[in-house]
Amino acid sequence: MSGRRGRGIHFSRLYSFSCFRGSFRDEHSQIGQKGYSRVVYCNDPDNSEQLMLRYRSNYVSTTKYTAINFIPKSLFEQFRRVANIYFLVVACVSFSPLAPYTASSILWPLLVVIGATMAKEAVEDWRRRKQDVEANNRKVKVYDRNHNFQQTRWKKLRVGDLVKVYKDEYFPADLLLLSSSYEDGICYVETTNLDGETNLKVKHALDVTSSLHEDNSFQHFKAIIKCEDPNEDLYAFVGTLYYDGQQYPLSLQQLLVRDSKLRNTEFVYGVVVFTGHDTKVMQNATDPPSKRSKIERKMDKIIYVLFSLLILVSFIGSFFFGISTKKDIDDGKLKRWYLRPDAATVFYDPQRSALAAFFHFLTGLMLYGYLIPISLYVSIEVVKVLQTIFINRDQDMYYEETDKPAHARTSNLNEELGQVDTILSDKTGTLTCNSMDFVKCSIAGVAYGRGMTEVERALAKRKGDTHHDSGITSSNIQRSSGDRAGSGKSIKGFNFHDERIMNGQWVNEPHADMIQKFFRVLALCHTAIPEVNQETGEVAYEAESPDEAAFVIAARELGFEFFERTQTSISLHELDHKSGRKIDRTTVQQNVPHACGLELKNSSHIGHVSPSPENVLFLLRVRSYTLLHILEFSSARRRMSVIVKNAENQLLLLCKGADSVMFERLSEDAQDSVAITMDHIKRYSEAGLRTLVVAYRELSELEYRSWEEEFLTAQTSLNADRDALIEAAADKIERDLILLGATAVEDKLQKGVPECIEKLENAGIKIWVITGDKMETAINIGYACSLLREDMKQIVITLDSAEISDLEKKETRRLLQREGKLQLSSSEGNSIPFGLIIDGKSLTFALSKNLEDSFLDLANNCASVICCRSTPKQKALVTRLVKKGTGRTMLAIGDGANDVGMLQEADIGVGISGVEGMQAAMSSDFTIAQFRFLERLLLVHGHWCYRRISMMICYFFYKNIAFGFTLFWFEAHASFSGQPAYNDWYMSFYNVFFTSLPVIALGVFDQDVSARLCLKNPELYQEGIHNILFSWPRILGWMLNGIISSMIIFFFTTNSVLHQAFRRDGRVVDFEVLGVMMYTCAVWTVNCQMALSINYFTWIQHFFIWGSIAFWYAFLVMYGAMSPRISTTAYQVFVETCAPSPFFWLETLLVVVSALLPYLLYRSFQTEFNPMIHDVIQRRRLESPEVEAPKELSGKIGKLREEDSLLSKL
């Protein structure tokens, strides 16, 4: 819309209520006190008094680190891991003579582990910083000392600066609106980044500043603002403007919040009130948390167990070492004379055996350090990074329309995706497409519209009715709705199909006059503004709500096109049902209060002839309607009315509103189609549609004049009950209405949302919806996406009523809290899981310390939970409450800046890279383009990552225990001397070359079932929810398996070779050969154990497993070929001794088979008699891929749920 047109319209005159008229309230008396102490010098940011206040700059940062705190904070993050602390201590001790190894062999691996992880953290935080730099360097025009508006960066703004913001730009800070391109200071603001609502909010400047329209108007402008201190409340603002010696009250109507967008207004002038982290949107944000997965935190506990085991075996070794050392000199006799105890150092002194045992204990802590795998963290980091690459490149999560793939912004939480117990979801833009579509309507008792909603389709499917409503769905009727242009072009907001009234066919209906009145109400009863494309002639609309836009578009498509609004008229292209001609009807707005008595000039004249899209010529005729009043929509009134006078001097009241308030206002003489319309509305509501009732009445001149006098008296009242007087006057005229029909619009769900939610619920995941939208809107979406069902009893907790409002006005917060308690208590009495709906006011008290436990218990007993009118802070608090109260993994998903706190508070934050900007995506851990991709992200990638990481960690502990305990058994065999069983390089390369790559391949490629079966069998996901694969019994079982394997390797090897010749020349096994034999058996055993554990083999796994074993032999040959000074005990040991001996190969085969046999027997028994969920699915896939889930699987899932319920009660 042009600036010239903006100058011609006084939009404040369209509104009859006091939403723009400021008045001093009780809160204003607190200005200057604690919490209300902010002082802003308008257009004077360099004022000395303001400089002393030291307000924050407008620079914002969402990064986790800074250049100063990166090293200490990152090091703190690394040493939160217990294993890293242990290896740091060991590295320090390794410089002493106590170390059995060189210091560098311990220190360098630790530095590599910590350095690699810190580098990854730095890269991820640098990406966040780049996004912050982009936001901070956006441009805005600021009034400078030369009395001109000059461009500057957002980050340079200061409190008190005067800025000019243009259409479709974001507000750089919290601004006080001074004036706009409209003469009366109106502007439209889009707040989707704040509260998720797509409807435009109307803001209005104070009358005293609204006349400042030009840049040069501010040359002498000076004022002072005293207001509340920075806070997170998006729905309240209290302040006072001191200007020209007068005081003017300020409210939320004058506040333009950062990150909201200016719409439908050419420009606005504003003064910066809050900057940077003082702005309301940043006050609602929380610092980026340091998130760690539950598996990683549990891994620390396992490290504690292993560390305890390490201390235990070291103590045992040192205890027996001390005893044997003390006995080496008995009455002057040397028992082990070859050790020279008479000339020993302090580390082996029979006279000080206790001290020697203590030093041996320290040596043992380092010797058995292989029980604690330092390479585990490095391997996990590598695996997680590779897993994120697969997530990022998954074509099934790529959204072609916006060219956006899935993106893992952090690799720390991959396995958490497989353990999600509860999902907390935003609504607008997350579940929905941010648009409303006109789908159906009922006129004069006749239902129109052939489309089916997702809810209707799901109901028909459950009932087995596949032919209902001709199979036409609301997702495919856009092709038909484009018939007006004959091009098949889809029309946003219009998903309507019915040949009876489309393409002008409504003129042939028996009640064509009612249809004309119905769509005329839709075309006139609104505050939308048309924007006409001068090149194509197409009309687009800017409306305060998406519903209103859908109504205007529907009227246009069915022959009642609203195409122009000026200060004096609203113009319609209208198809006359009697003549079939297309007419220009113009609604003229009254310019002064007494314009109802004006004599209208000639109201009819012949216009020009223009072609229609169907190339049929219509005679255009202009008629004038005088717009007298608009009684706007509000959440309390739940209806909207306009009063107009037509060319025949008829006074008409046109009204639309919720059925709960409209039917009681109908005339008793016009009840013909009420019952039928109510039945249609019920059917529409069951279909998940949002309904409004449309009605009208004709007013007499006398009645109107009497009412207007009363209404104007109420408007000009200065009493505290002014709003109540206006409401009473409006209620008086909105009576005795004649019913025309009802509308049904669909808040279009994103594609696949109901199916996705159904799959997630079948997987055992609970879903909450937390939205800033109104309760009615949220409930409708709950039905549309199957969160709420018709057979579900709703528990509604709301404090949004007239009685509660009175209590608030009297500031009886104690009574208000008691009311909240009563409603919570009454709701808590329903022990059966139902649907819980709670509004923002109630949520405030439900989240208090004394009520939060009751609220959480109630919510946990409900099948679905919907929180309405929630602030961003409340979203974060609910997330925190559920996360801490349940102890389960929480996932939050949203798409707007209002969801940032929730995403950061949750264990996993998933951002939708949608139409509400990138704030949520920037603050999330994972981003996807559509909600339906969450199904694959969790059920496929989440399950795989959880399983892979769990198996990987368990296997890591297994292989290190299996290897480390061979050292313990050997030391016991060698009288606890502290002598390692293996060459130093053998032990150094064990976790690096001989066993590391197979476990990485397991963590990246293994699949228990395919992606198709993961989606087909969502119950498989419950293995992660109940943490079956990483439970303590399973972890301890793998550790026990490692101990058993080590015993078999050591005792079978030693007992088989100690009492017989090994070489052809008759020599027995020596220390070097025994070490090679045990090490060979260990390498074969742990790698073959990996082969048994893998479910999905690729050539990479084969290469890594068998290649690691082959590399061990190659290493023996190469290392043994080096000089004895380098290779020491490995010199030619394989080529000359082991390889030529058949016994070496036979012994290796028998020991490896024996070491693997316990695991094979256990898995065979488990699979046959107590199978896991994936075992059942694998067996079913092999037996018959088409067979549905057997009773065995259902019983397994039921058993898991019973155990989980029992644990939760405990």
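Student: In which strand is the place of Ile-912?

Tutor: This is a predicted model. In it, Ile-912 belongs to strand β36, which spans residues 908-912.

Student: Is Ile-912 buried or exposed?

Tutor: Buried means under 20% relative accessible area. Ile-912 has 1% relative accessibility, so the residue counts as buried.

Student: How far apart are Ile-912 and Thr-927 in sequence and in space?

Tutor: In sequence they are separated by 15 residues, and from C-alpha to C-alpha the distance is 5.7 Å.

Student: Now a helix. Which residues of α19 are buried?

Tutor: An α-helix has 3.6 residues a turn, so residues three or four places apart point the same way. Helix α19 covers residues 753-762, and its buried residues include Val-753, Pro-754, Cys-756, Ile-757 and Leu-760. These lie on the same side of α19, because the arc they cover around the axis is only 160°.

Student: What comes just after α19?

Tutor: Gly-764, which takes a positive phi of about 90°.

Student: What about the surface? Which residues form a positive patch?

Tutor: Arg-129, Lys-139, Arg-153, Lys-155 and Lys-156 form a positive surface patch. Of these, Lys-139 sits in strand β2, residues 139-143.

Student: Which residues form a nonpolar patch on the surface?

Tutor: Phe-315, Phe-319, Phe-320 and Ile-323 do, and together they have about 390 Å² of accessible area. Phe-315 is found in helix α8, which runs over residues 294-326.

Key: Residues numbered from 1 in each chain as written. Predicted model: local features only at pLDDT ≥ 70, side-chain atom pairs only at ≥ 80, totals over all residues. Heavy atoms only, no water. Buried < 20%, exposed > 50% of the residue type's maximum accessible area, 1.4 Å probe, protein only. Helix = DSSP H or I, 4+ residues; strand = E, 2+ residues; numbered from the N terminus. Arc of directions from axis to C-beta. Patch = residues over 30% accessible without salt bridge, like charges linked within 9 Å, V, L, I, M, F, W, Y side chains within 5 Å. Areas by Shrake-Rupley, 256 points an atom, 1.4 Å probe, with all protein chains shown as cover. Salt bridge = Lys/Arg side-chain N within 4 Å of Asp/Glu carboxyl O. Lys, Arg positive; Asp, Glu negative; His and termini not counted. Charge placed at Lys NZ, Arg CZ, Asp CG, Glu CD.
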